[in-house]
Amino acid sequence: MKLNLKNYNNIFFVGIGGISMSALALLLKSEGKVVKGSDLTKSNITKKLIKNGIKVYKKHKVRNIK
């Protein structure tokens with residue numbers, strides 16, 4: 001099955017502070033998507049995501065996705 005991201009406006013990343021996930025998050029944000037995510041630790045990467053308008057939750061919880 002091929003996933004077409006054009007059909008999705010809201011994207012949530014678990015582990016958004018990782019180098020690959022954060023790059024994807026920034027790319028999708030630049031394409032106009034609403035991007036949020038969670039990570040277990042704060043870092044320079046999560047600070048950059050927040051500065052770029054991406055909501056980053058500190059813990060992985062189902063309620064963060066809603």
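**View 1. Ile-16 and its contacts in the predicted model.** Leaving aside neighbours within four places in sequence, Ile-16 is in contact (heavy atoms within 4.5 Å) with Met-21, Ser-22, Ala-25, Val-35, Lys-36, Gly-37, Ser-38, Asp-39, Leu-49, Ile-54 and Val-56. You'll find Ile-16 in the loop between β1 and α1; helices (H or I, at least four residues) and strands (E, at least two) are DSSP runs, numbered from the N terminus. With 0% relative accessibility, Ile-16 counts as buried. Here buried means under 20% relative accessible area, exposed over 50%, and partly exposed in between (1.4 Å probe, protein chains only). Leu-40 sits 24 residues from Ile-16 in sequence, and the two are 9.4 Å apart in space, C-alpha to C-alpha.

This is a predicted model, where local features need pLDDT of at least 70 and side-chain atom pairs count only at pLDDT 80 or more, while totals for chains, interfaces and linings use all residues. Residues are numbered from 1 along each chain as its sequence is written, and side-chain values use heavy atoms, with hydrogens and water left out.

View 2. At a relative accessible area of 22%, Gly-15 is partly exposed. Setting aside neighbours within four places in sequence, Gly-15 is in contact with Met-21, Ser-38, Asp-39 and His-60. Gly-32 is 17 residues away from Gly-15 in sequence and 21 Å away in space, C-alpha to C-alpha.

**View 3. The largest nonpolar core.** Nine residues make up this core: Ile-11, Phe-13, Ile-16, Ala-25, Leu-28, Val-35, Leu-49, Ile-54 and Val-56. β1 (10–14) and α1 (19–30) each supply at least two of the core residues. A nonpolar core, by the way, is a set of buried Ala, Val, Leu, Ile, Met, Phe, Trp, Tyr and Cys residues joined through side-chain atoms within 4.5 Å. Zoom in on Phe-13 and, not counting residues up to four places away in sequence, you'll see it touching Met-21, Leu-24, Ala-25, Leu-28, Val-35, Lys-36, Gly-37 and Ser-38.

**View 4. Where α1 meets α2.** α1 and helix α2 (residues 44–51) pack at an angle of about 10 degrees, and their axes are 11 Å apart. Axes are lines fitted to C-alpha atoms, for helices over the stretch in contact, with angles running from 0 to 180 degrees between N-to-C directions. The two helices, α1 and α2, are therefore roughly parallel to each other (angles under 35 degrees count as roughly parallel). Ile-19, Ser-22, Ala-25 and Leu-26 of α1 make the contact with Ile-45, Lys-48 and Leu-49 of α2.

View 5. Ser-22 is found in helix α1 and, at 6% relative accessibility, counts as buried. Not counting residues up to four places away in sequence, Ser-22 touches Ile-16, Ile-45 and Leu-49. Ala-23 lies in helix α1 too, but Ala-23 is partly exposed, with a relative accessible area of 43%. Ala-23 and Ile-45 are 22 residues apart in sequence and 9.5 Å apart in space, C-alpha to C-alpha.

View 6. Lys-66 lies in the segment after β3 (55–57) and is exposed, with a relative accessible area of 81%. Lys-42 is 24 residues from Lys-66 in sequence and 22 Å from Lys-66 in space, C-alpha to C-alpha. The chain averages a pLDDT of 93, and 100% of the residues score at least 70; pLDDT is the predictor's confidence in each residue, from 0 to 100.

Technical notes: Angles under 35 degrees count as roughly parallel, over 145 as roughly antiparallel, 65 to 115 as roughly perpendicular and the rest as oblique.
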